[in-house]
Amino acid sequence: MNRNLERLTDRKFDILVIGGGIHGAITAWDAALRGLSVGLIERGDFGSGTSQNSLKIIHGGLRYLQDGNLSRIRTMARERATWMRIAPHLIHPLTCVVPTTQKISRSRLAMSFALRANDMLSFDRNYMADPQKNLLEGMIVSQRELSRILPGYDVSTSTGGAVWYDAQIHNSERLLLEFITSAVDAGAEVANYVEAISFLQMDQRVVGVRAKDTRTGQIFDIQSKMVINCTGAWLNGLLEKTALQSEYATSVAMNVIVDQVWSQVAVGLTSQPVNGMPPQVLFIVPWRNKSMIGTHHIPWPDSPHTFKLKEPMVQGFLDQINSAHPALKLSLEDVRHVNWGFLPVHKADAHKRPVRLTRDGVVIDHQKSHGISGLVSILGVKYTTARVVAEQAMDLAVNQLGVKTNKCQTHTTQVRGGKIDDFGAFLRRALHKAPRVVNERSTEHLVYTYGSEYQKLVDCVLRQPDLARRIDSPLPVTAVEVEHAVHHEMALTLADVIGRRTELGSTGLPSMATLQKCASLMSSELQWSPEHQQEEINAVIQTYPFNQAETITA
Ligand SMILES: Cc1cc2nc3c(=O)[nH]c(=O)nc-3n(C[C@H](O)[C@H](O)[C@H](O)COP(=O)(O)OP(=O)(O)OC[C@H]3O[C@@H](n4cnc5c(N)ncnc54)[C@H](O)[C@@H]3O)c2cc1C
């Protein structure tokens, strides 16, 4: 995958996707698989917007039972199965538990009905060949069992627990990249660090975009019959340049990463009313050797450009977490990292607290709403449903293009590294045949990260054994991944490699030694001066607002 901006300007695309978040990435893949010519531009790096910040859960929809919206639950359960089929190396079953209480809606009886309904609505969840992806039926456990599952948690007000199974993304940044590289495999032209600054218009029709290479400042035009605007929270900024309005605004959502609370299960605990916030279910999710806790929502009626994360916002969230599990006693010093991003709300709800997110992803047909043809916008609210929202947007775009194409194939096509029918067997085979230079832990890590493509990295290590060396002591990331990111995955900055090509930055700011090692590996590939290396390191540090001093000197 090479960044070649000339290839964006030397043709007229059928579809140009703006925004390389999860919705844009899947839309580009979908369009390319339908046989259309496709371009995708992303202002920063692929996945560097909201998509980098999710709680990594592919929801089956259990929580939506309380709304009684069965079709939404069916969609989510179906999508969960689809994700596990098309990206089996990156999506894995996750055990979840919530304590049951005396409250009727949370009682053992009510939760037992909910679990039964959940099982029925996802009746086809195990219709796939891979036994590793089997999701067992939900069950109610006793109070004693709950205290065994959740050591340190005060179970005295609980009557037991409800256990069910969902799925977790092992590495959401790499998952997103799999869609980008799969789109490229299917013929798409993609480029990061290219911003759409305005739409090109002929009368009432959008015919492309004026774009800027954000690394050089160069301005150029990209022609396309249809433009799909997947800019997430920045949707309005771009629409307003064409005097268009949407009925949506943004809110902020955040997770915190702290030292490990529980290692095997995701746990939903209800907070008490604190700081004027009503009780809310917060999930404590196992995340590598740490825990990720989310999700906290903050109204943000202003432009997303003006949002700055401040300590009191994080403290407010910690107060909520501590009210749900007082033994944690979390303070700002315990926070290893804060993931935050934007989620859509209706403009009318923009100031409301608690935040009322739009329920489902939205596809905006600007021909219908504004009389402007050639432009469709997507506003997604969940990683889980991104594939299906992209499919809807592409169905609409194909209809407007008036051409005959292949049908949507994203639900049946495995992504680039996903050509694995039985993950457990694939991993066992990989471990069995691993060469001595790549040890067991590294092999396992490569399979979980690159799936069926892992052998390419092993081959690279066999040619250049020094690339097998670890970059960071607690994490199994090796030098070959940095080399691969620069040569094959369009990584241009240290932040791209630390934050989105490898898992080095996924649990907090890496040590200074790790940053230096990584920067030095990249500089021999990209000819960075010592000053430039330092600038790259500083830029990474900027993205970790909390706990810097401690982790840097660690
Ligand atoms: C804290 C948090 C936790 C979450 N947890 C979960 C979860 O557990 N499960 C789940 O299913 N969902 C979850 N979500 C929701 C999910 O992450 C989002 O719905 C999804 O990532 C949004 O993707 P997107 O592609 O629409 O937006 P983005 O990822 O923001 O992508 C939009 C992209 O467009 C680019 N862009 C903007 N303007 C321009 C321009 N002019 N030119 C070019 N590019 C441009 C941006 O740089 C950005 O990369 C969570 C979200 C948050 C914030």
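Is Trp300 buried or exposed, judged by its relative accessibility? In this predicted model, where local features need pLDDT of at least 70, side-chain atom pairs count only at pLDDT 80 or more and totals for chains, interfaces and linings use all residues, Trp300 counts as buried at 16% relative accessibility, buried being under 20% relative accessible area, exposed over 50% and partly exposed in between, with a 1.4 Å probe and protein chains only. Residues are numbered from 1 along each chain as its sequence is written, and side-chain values use heavy atoms, with hydrogens and water left out.

Aromatic rings of Phe, Tyr and Trp (its six-membered ring) are paired if their centres lie within 6.5 Å, with planes under 30 degrees apart counted as stacked, over 60 as edge-to-face and the rest as tilted; by this rule the count comes to 13 aromatic pairs. The ring centres of Trp300 and Phe307 are 4.9 Å apart and their planes stand at 90°, so this pair is edge-to-face, and Phe307 is buried, with a relative accessible area of 5%. The rings of Trp340 and Phe342 are likewise edge-to-face, because their planes are at 90°, with centres 5.7 Å apart. Trp340 counts as partly exposed at 27% relative accessibility, whereas Phe342, at 7%, counts as buried.

The charged end of Arg288 is placed over the ring of Trp287, 4.2 Å from its centre, and Lys133 lies over the face of Phe423, at 5.0 Å from the ring centre.

How values were computed
Lys NZ or Arg CZ within 6 Å of the ring centre and 35° of its normal.
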